Amino acid sequence: MATTMASSSPLNGERAVVVIFISLILYSTPFFLLYESLSLSLLSLFSLSLDISLDSSPSLSSLFNTRPGASSGILLGAVTLPGLMLSRLIQSLRAVSLDEVGVEELEYLRLQYWAVTASCLSVLVFLLSITRRQPKSADSASSPSVWESIFSLCCIGFCATLCCVSFAANSNTSYYTTLALMWVLCHGLAAVKLIQHVLHTFPRCASIGEAHLVTAGLVIYFGDMFVCTVAKIFEYSIPSELIPVQHGVKRSEISTIIQGVLLGLVLFPMFFKVVLRSWERFTSSTHSEVASDLEIKRSIMFYASLAFILTVFVPSWMQFVQDFPAHPILWVFSFVFSEPLKRLSLCIYWVAVIYASVLRFYSISKNSKIERILLRKYYHLMAVLMFVPALIYQPKFLDLAFGAALAIFLVLEIIRVWRIWPLGHIVHQFMNAFTDHRDSDLLIVSHFSLLLGCALPIWMSSGFNDRPLAPFAGILSLGIGDTMASMVGHKYGVLRWSKTGKKTVEGTAAGITSVLAACSVLLPVLATTGYIFTQHWLPILLAVTVSGLLEAYTAQLDNAFIPLVFYSLLCL
């Protein structure tokens, strides 16, 4: 459960933990990444200054209608993804030194770092400009002062200079430097437009920091898809040395399938609205038609449009950007049945665990007085039971399964929000049994955050990975650490971290200890599958402790931030 911290202190618990997180990354950064480390330092100072000056002001919450009970989270939301990308750059630099990956992959990752940094920096500039334009009021003391604005402008200018110098120092042609800078700028503009859309479309569903994280993540993810598509289009018309991104990160068939499905589901609402308007314009229906018949016809149009997107548009894009040996749908079946005994047995195991758990927990939620927050932690334990065996023995199949699960969740959420017959009402009733204060009637995010919290570290570890515990970051921090912290803290907790919060020292200690114990058990198991453990225990202890303290102090959506912070520290 999130804890609302007082923001009277400039460096409260959440900010202190984030400062430690950034300091650990900067301490581990080699001199080769000097420009990137300096830019992360400036971004952190800028976001910290803005977070302190705006967190005590009601102007942002009233202006954007953010989630009640949460702090602004500007610092955490602004530095999480840039810190993660810098950690991946450090890991990729080790891979280049071992000749495991090419220099072009490192350079493409550098481009992504600057793109996500530009996205976060642009959102901060947007927030600063919005608050500066607000009329002076009684709480104007909490608005940015002139000196704070000057400091912010200096940070922006230095970051832009570092970005230009970094591209100029690591590229062979001025043409590529210009294209890269334009691409980074486009990411910043897209992030500003997207965060406005997210906060306006989903009021009271997210804090500024949470919306910041989602915005930067979506922009960098779909920006990667756009680059991949454009590089494929101009593959034969522009010399390859001018478009090094097409030789960047090697995409597997599974990653292309996941990207394609998510692209289709993101575009689907717009496509369906166009289809629905066209149908209403040309239909011969009269006003006397029964409302139930109209609802059924609308539902038929919905399912037909969804089927078209997933079976025609999405596979066409997949085949365009990736040379599949067969139709992508046939490739999926071929992949699953390439090891039928292991993968089908795993599917049966998953179905059995889900069926037994959902029936049991849904019945308890309706008939028991157990606190909902504790009931939800059982699903975290269920994630451990489902994902740990698959991640050890069938990691590629788990990648694909995570993508399928996310697609199902997105489809069900669209059906729930739009009340599509006949499943809309049923899904809405079922999902309401597991909501908490961070969910709203408009958007239920808890199941998405748990799934993505477990999946993202695994997806990001699909290439070179010399840190065997990194893929388990989400499962360990959410499935074990967060669960044990909540259960022990609820039952035995006495010493609270703050007067207004519910998190306890005993719960945090139990969460940290349980994750360390799980790591000590997991490493010998991974050694039997061929992993070589080259990391000392001190960095692991620091990573576990920092993520545990963040869970104790943050008022943001912990399922979204903790796995990313834990993963970033494990990659160092």
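**Aromatic contacts and backbone exceptions**

Reply: Phe387 has a relative accessible area of 10%, so Phe387 is buried. Buried means under 20% relative accessible area, exposed means over 50%, and partly exposed is in between (1.4 Å probe, protein chains only). The model is predicted: local features need pLDDT of at least 70, side-chain atom pairs count only at pLDDT 80 or more, and totals for chains, interfaces and linings use all residues. Residues are numbered from 1 along each chain as its sequence is written, and side-chain values use heavy atoms, with hydrogens and water left out.

Now the pairs. Rings of Phe, Tyr and Trp (its six-membered ring) pair if their centres lie within 6.5 Å; planes under 30 degrees apart count as stacked, over 60 as edge-to-face and the rest as tilted. This rule gives 17 aromatic pairs. One of them joins Phe387 and Phe402, with centres 4.7 Å apart and planes at 55°, a tilted arrangement. The pair links distant parts of the chain, 15 residues apart: Phe387 belongs to helix α13 (residues 372–393), Phe402 to helix α14 (residues 395–418). Helices are DSSP runs (H or I, at least four residues), as are strands (E, at least two), numbered from the N terminus. Phe402 is also buried, because its relative accessible area is 2%.

Phe268, Phe272, Phe302, Tyr303 and Trp418 form a cluster through ring pairs.

A charge also meets a ring. The charged end of Arg343 sits over Phe335, 4.1 Å from the ring centre. The rule needs NZ of Lys or CZ of Arg within 6 Å of the ring centre and within 35 degrees of the ring normal.

Next, the backbone. Most residues other than glycine have a negative phi, and most peptide bonds are trans. Trp421 and Pro422 are joined by a cis peptide bond, with omega about 0°. Pro422 lies in the loop between α14 and α15 (424–432). Arg419 is in the loop between α14 and α15. Its phi is near 55°, a positive value in a residue other than glycine. Arg419 has a relative accessible area of 38%, so this residue is partly exposed.

Arg204 has a positive phi as well, near 60°. Its loop runs between α7 (174–201) and α8 (208–233). At 46% relative accessibility, Arg204 counts as partly exposed.
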